Amino acid sequence: MCAVKTLKDLLRQWNIWPQHHGRIATIDAVKAAPPPSPLAPVDLTNPAQVAGVMDVAARIGDILLSSGTSNRDTVAQIHAVASAYGLHYAHVDITLNTITIFSTVGTEKKTPVSVFRVVSHMRTDFSKLSEVDRLIRSIQAGATSPELAEKILDGLHRSPATYGFKTSLVGWGVFAAAVSVMLGGGPLVALVSFVIGIAIIVCNTLLSKHRLPPFFQNIFGGFIATVPASMVFSWATTAGITIAPSHIIAAGIVVMLAGLTLVQSLQDGITGAPVTASARFFETLLLTSAIVAGVGIGIQVSGLLGMTLPPLEPVLLSPNLSTSTVRVAAGMVASISFAVACYAEVSSVIVAGCTAGVGAGIYYLVLLPTNMSVITATAIAATVIGFAGGLLARRYLIPPLMTAISGITPLLPGLAIYRGMYAALNEQMLVGFTNMAVALSIASALAAGVVLGEWLARLLRRPPRLNFYRAFRRP
């Protein structure tokens, strides 16, 4: 009994063991309930105080948006922060990486007040997302003044991530290795993918410090993913070892795709933010084309060096129980390592792994053995991931975004992109176009499935919707 009690205390310290029942996600509370009090804690006739509240809300939205939160959810949480301080009538507009908040001050003679903020870094980074989630809850509860919230945000800006860059780097390597195993690779393929995954991240980090545009970073990444795979395949063929270099290259492609906003851009389009979705999708399409170009250059260079890659092998997802079990375990490891690579907290890492295990189990053990198409199976698995992740995230007060992105990232269509590029370079345009269409369809299925699953989870765990105070509506 003492051991069990000690384990429970440790899990509570890591925010893994639930403290009480009836928990809801912050985004659910934001969309379902009014501000906690009709009394404004700031002077709404003072432009300086109103601008201060709007600036706090914009800074919170900056962190949410840069972490990958959808347009609509970010707008809702910015509104919640402003309303908690009494500023109910504020217009919030988000277009790609810009946040604009507008309101008026005064009754007879109204003075316009606006705040404009540009989100400088748009990348998947969970290091500050949980802290901001807790800050929003504290503001809604009336426990944090604008001045204190500003100090907390300043501290978040200066504070380091949950763990260091080396730990994140190992996470990326393990993520690449696990993805290669999911695709059917063996121990040698996993080891090579581990090294290539780390090499891609190190190269992109160094190039980013020298301000090289991301387009060229992805070209170098695609090249790094291809040439070492060709070298290992050439050596393995000489040594009499059978490996599939496509698994290594696909794992490297997924590592680069994981840092893009392909699925998030489609989610914005589905949830009703077409302008942001179009801009993000075009940016992602451009960067993905850079990855394709890098892979193509790598294939050409490998051929010139006498390390010709083998013809495309058929994609065989065996329904064998042992093989499928290994792939489910690899999916869990991939999700956990991706969460670590994005600096997530310990509780978020564990919940993300459980969510990915449920989704991968449905995908490999239930859907694929029935000879269901890959796109349909992906959509169903993504729905399960969105639903299960949404429930677990609400149970343990974790932003649902973490579990959703971590759960679906291992299913990104890296292999389809490589097969399309290889076929196009070998004058098989129909095969190449088909694989590229399959890759886009898989990404769309992931986005639609996650949004639907998240919506279902929100219906189950959301409190009853309450109306705003009518006294505020009459004026």
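This is a predicted model: local features need pLDDT of at least 70, side-chain atom pairs count only at pLDDT 80 or more; totals for chains, interfaces and linings use all residues.
The protein chain has 475 residues, of which 52% count as buried, and its secondary structure comes to 19 helices and three strands. If we take the contacts between residues at least 6 apart in sequence, 76% of them join residues that are at least 24 apart.

I would like to begin with the strands. The three of them form an open sheet in the order β1-β2-β3, with antiparallel pairing. At the edges are β1, residues 91–95, and β3, residues 111–118, each of which pairs on one side only. From one strand to the next, the twist averages 15 degrees. Helix α3, which covers residues 47–66, packs on this sheet and touches β1, β2 and β3, and its direction makes about 25 degrees with that of β3.

Looking at the pairing in detail, strand β2, residues 98–105, joins β3 in the antiparallel sense over eight bridges. To pick out two residues with partners in β3, Ile101 is bridged to Val115, while Phe102 is bridged to Ser114. As a general point, side chains in a regular strand alternate between the two faces of the sheet. The two strands β2 and β3 form a hairpin with five residues between them, and in the turn Gly106 has a positive phi of about 105 degrees.

That brings me to backbone angles, where the background is that most residues other than glycine have a negative phi. Leu96 has a relative accessible area of 25%, so it counts as partly exposed. Asn371 likewise is not a glycine and has a positive phi, of about 60 degrees; it lies in the loop between α14 and α15, the latter being residues 374–395. Is Asn371 buried or exposed? Because its relative accessibility is 72%, Asn371 counts as exposed.

Let me now turn to the other end of that scale. Cys342 sits in the loop between α13, residues 321–341, and α14, and it is buried, with a relative accessible area of 1%. Cys342 and Leu169 are 173 residues apart in sequence, yet their C-alpha atoms are 9.7 Å apart in space. Thr355, in helix α14, has a relative accessible area of 0% and is therefore buried, the cut-off being under 20%. Leaving aside residues up to four places away in sequence, Thr355 touches Ile385, Ala388, Gly389, Leu392 and Thr403.

Finally, the cavities. Rolling a probe the size of a water molecule over the atoms shows where empty space is left. How many cavities of 30 Å³ or more does the structure hold? There are two of them, and the largest cavity has a volume of about 50 Å³. Its lining consists of Met182, Gly331, Ala356, Gly359, Ala360, Ile385, Gly407, Pro410 and Leu411. By class, six of these lining residues are nonpolar and three are polar, with no charged residues. The largest share of the lining, three residues, comes from helix α14, residues 346–367. Helix α14 also holds Thr355, and Ile385, which is one of the lining residues, is among the residues that Thr355 touches.

How values were computed: Residues are numbered from 1 along each chain as its sequence is written. Side-chain values use heavy atoms; hydrogens and water are left out. On a 1 Å grid over the protein atoms alone, a cavity is a set of points where a 1.4 Å probe fits but cannot get out, and a pocket is an open set with protein on both sides within 12 Å along at least five of seven lines; lining residues have an atom within 4 Å of a point. Grid points are joined across faces, edges and corners, and a volume is the space filled by probe spheres set on the points. Helices (H or I, at least four residues) and strands (E, at least two) are DSSP runs, numbered from the N terminus. Ala, Val, Leu, Ile, Met, Phe, Trp, Tyr, Cys and Pro count as nonpolar, Asp, Glu, Lys and Arg as charged, and the others, Gly among them, as polar. Two strands pair if DSSP finds at least two bridges between them. Axes are lines fitted to C-alpha atoms, for helices over the stretch in contact, and angles run from 0 to 180 degrees between N-to-C directions. Contact means heavy atoms within 4.5 Å. Buried means under 20% relative accessible area, exposed over 50%, partly exposed in between (1.4 Å probe, protein chains only).
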